[in-house]
Amino acid sequence: MSSSSSVDLNTGVQMPLLGLGTYKLWGPEEVYRAVNAALAAGYRAFDSAAVYRNEADLGRALKELLPKHGLTREDVFITSKLGPKDQGERAMDGALHSLAQLDLGYIDLYLIHWPGTQGLVVTDKRNPGNRAQSWATLEELHNQGKLKAIGVSNYTPAHMRELMQSCKVPPAVLQVEFHPRLCQAELRSVCEEYKVCFQAYSSLGKGELVTDPAVTEVAKNCKRTPAQVLLRWAVQQGVPVLPKSSNPDRIQENARLFDFTLSDTDMDRLSALDCGHKYCWDPSEVA
């Protein structure tokens, strides 16, 4: 495996195992600096979202930087996501807005960011209908070639089964929180059953896992950083990761995942930390 290693999606498209998460990258200068460092370090995927408010800056940075790195639009994989405020009847406007903001011709992967709807309580019975309407919109844009692959984020096993029963185009990706304290066995099993790529976010547990004694000991033994160990734990299982940073040195460091292997003992030791702990959103209450 190398930084250019990828996984095959059920659409036939390849998605890199390593991508740069852009949550909390704000402003044209910060986005430009991070994208430049990432391209230099071998990243070929970038993960944005309507709610990150950086789609336009990301698009501009890529258009300027790709030629400087000897790359074209086709060499990179861009993900963005439909905001919860656009769930349902506003989904078309939301998705078209993402396409216009990025201004890169098409989006490689577009996800429904959250199973709920902004402004509705999580138990509101309108949520399933809104999800279905959003999905139908994404299917339409996928069929037009504007969204090369479509998927979901933060869905539970129940949300996934509901979607699989009604969709015309199955989701290519499920992006969820995943790290040693949240191994997501049921969701991974559902994804395997439906041939959906399971992708991780928050691999470092919002930074808290880098100080876990088990993680630091494994890192010390293999002469790697705790962050590299946590990211390697995922990619060694074939799970794509999206480490986020605005620090060029950290961006480069996080890409060095493919020149070492964790032993089975180390993998098991990290997986044994699983306790179902979520550091981010909890979608389990969403109707």
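Guide: In this predicted model, H5 passes H6 in a left-handed crossing. The residues that make this contact are Pro-157, Met-160, Arg-161 and Met-164 on the H5 side, and Glu-186, Leu-187, Val-190 and Tyr-194 on the H6 side; sorted by class, the contact has six nonpolar and two charged residues, with no polar ones. Helix H5 covers residues 157–166 and helix H6 covers residues 185–194, and the two pack with their axes 9 Å apart at an angle of about 15°. Because angles under 35 degrees count as roughly parallel, H5 and H6 are therefore roughly parallel to each other.

Turning to the pockets, the largest has a volume of about 800 Å³, and of the 34 residues that line this pocket, Tyr-23, Tyr-201, Ser-202, Lys-206 and Lys-244 are the closest to its centre. Helix H8 (226–235) and helix H9 (248–254) each supply at least two residues of that lining, which by class has 14 nonpolar, 13 polar and seven charged residues.

The second largest pocket holds about 270 Å³ of space; 14 residues line this pocket, and the closest to its centre are Ala-50, Val-51, Arg-53, Lys-85 and His-97. Helix H2 (55–68) and helix H3 (91–102) are the elements that give two or more residues to the lining of the second largest pocket, and H3 gives the most, with four residues. By class, the lining of the second largest pocket divides into three nonpolar, six polar and five charged residues.

Technical notes
Residues numbered from 1 in each chain as written. Predicted model: local features only at pLDDT ≥ 70, side-chain atom pairs only at ≥ 80, totals over all residues. Heavy atoms only, no water. Axes fitted to C-alpha atoms, helices over the stretch in contact; angles between N-to-C directions. Parallel < 35°, antiparallel > 145°, perpendicular 65-115°, else oblique. Left-handed = near helix turned anticlockwise from the far one by under 90°. Contact = heavy atoms within 4.5 Å. Nonpolar A, V, L, I, M, F, W, Y, C, P; charged D, E, K, R; others polar. 1 Å grid on protein atoms, 1.4 Å probe; cavity = no way out; pocket = protein on both sides within 12 Å on 5 of 7 lines; lining within 4 Å. Points joined across faces, edges and corners; volume = space filled by probe spheres on them.
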